[in-house]
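Me: I would like to go through this structure slowly and ask, for each label, what stands behind it. Could you set each value against its definition as we go?

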Amino acid sequence: MLQVRAKQLGPGQIAGLTRQIIAAVSLPVIVNDRFDVAIATGAAGCHLGPADLPLDVARRLAPAGFILGGSAGNPEEARIATRGGADYLGVGPIHSTANKSDAGGAIGIEGFTAVRLATALPCVAIGGVGASDIPALVEAGAAGIAVIGAALNADDVEEAVRRLNYLPP
């Protein structure tokens, strides 16, 4: 899955970018924070944080099959997002991250595990995750990882993505 996250752009610009990405990739594309843009562009879904449109409202408005992601940094947030109708949770930040200044304090693998145990939803580890974290996160039950820096800050993005595409033994 690929998430369009472009906080510095206005809605029209995010919509244009999202349409370009949808046309270019054969992956489900979701839009971060902007439910309106996700619906207008025909994206596969939207990831909503605590300051965005409430998940239960988005679930009522979303078409059938629309993917809704929620954010959780602790078990209570996981329970709230689960009740709100999320299909998966972005859980973290695992480590501190420069890519999201309002992400909160790092929760580590232990915090990730506590959140995962509070919900039956698939949990995706996010926030400062690197290739070396993946085996422990998979062991802790991560359904996947979400990265920005581990891929885009690498000298060789393609090689970095290969390393991040971990398959357990």
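Reply: Let us begin with the largest nonpolar core, which has 35 residues, those with the most contacts inside it being Phe35, Leu68, Leu89 and Phe112. The model is a predicted one, in which local features need pLDDT of at least 70 and side-chain atom pairs count only at pLDDT 80 or more, while totals for chains, interfaces and linings use all residues. Residues are numbered from 1 along each chain as its sequence is written, and side-chain values use heavy atoms, with hydrogens and water left out.

Me: What makes a set of residues a nonpolar core?

Reply: A nonpolar core is a set of buried Ala, Val, Leu, Ile, Met, Phe, Trp, Tyr and Cys residues joined through side-chain atoms within 4.5 Å. Nonpolar side chains in soluble globular proteins tend to be buried together.

Me: Which residues does leucine 89 contact, leaving aside its neighbours within four places in sequence?

Reply: Contact means heavy atoms within 4.5 Å, and on that rule leucine 89 is in contact with Gly70, Ala72, Ala78, Ala81, Thr119, Leu121, Pro122, Cys123 and Val124, when neighbours within four places in sequence are left aside.

Me: Why is threonine 41 called buried?

Reply: Buried means under 20% relative accessible area, exposed means over 50%, and partly exposed lies in between (with a 1.4 Å probe and protein chains only). Threonine 41 has a relative accessible area of 12%, and therefore it is called buried. This residue lies in helix α2, residues 35-41, where a helix is a DSSP run of H or I with at least four residues, a strand is a run of E with at least two, and both are numbered from the N terminus. Not counting residues up to four places away in sequence, threonine 41 touches Ala15, Thr18, Arg19 and Ile22.

Me: How do you know that the side chain of threonine 41 is within reach of the backbone oxygen of alanine 38 for a polar contact?

Reply: A polar contact is a pair of N or O atoms within 3.5 Å; within protein, one must be able to donate a hydrogen and the other to accept it, and residues adjacent in sequence count only if both atoms are side-chain atoms. The backbone oxygen of alanine 38 lies 3.3 Å from a polar atom of the threonine 41 side chain, so the distance is within the cut-off.

Me: What makes aspartate 33 and lysine 7 a salt bridge?

Reply: A salt bridge is a side-chain nitrogen of Lys or Arg within 4 Å of a carboxyl oxygen of Asp or Glu. The closest N and O atoms of aspartate 33 and lysine 7 are 2.3 Å apart, so the pair forms a salt bridge.

Me: How many salt bridges does the rule give, and what is the N to O distance between glutamate 159 and arginine 163?

Reply: The count comes to nine salt bridges. The side chains of glutamate 159 and arginine 163 meet in a salt bridge at 4.0 Å, N to O. Glutamate 158 and arginine 162 meet in a salt bridge as well, at 2.7 Å, N to O.

Me: Why are glutamate 159 and arginine 163 separated by about one helical turn?

Reply: Glutamate 159 and arginine 163 are separated by about one helical turn because they are four residues apart in helix α8. Salt bridges that share partners join Glu158, Glu159, Arg162 and Arg163 into one network.

Me: Why is glutamate 158 called exposed, whereas arginine 162 is called partly exposed?

Reply: Glutamate 158 has a relative accessible area of 53%, and so is exposed. Arginine 162, at 49%, therefore counts as partly exposed.
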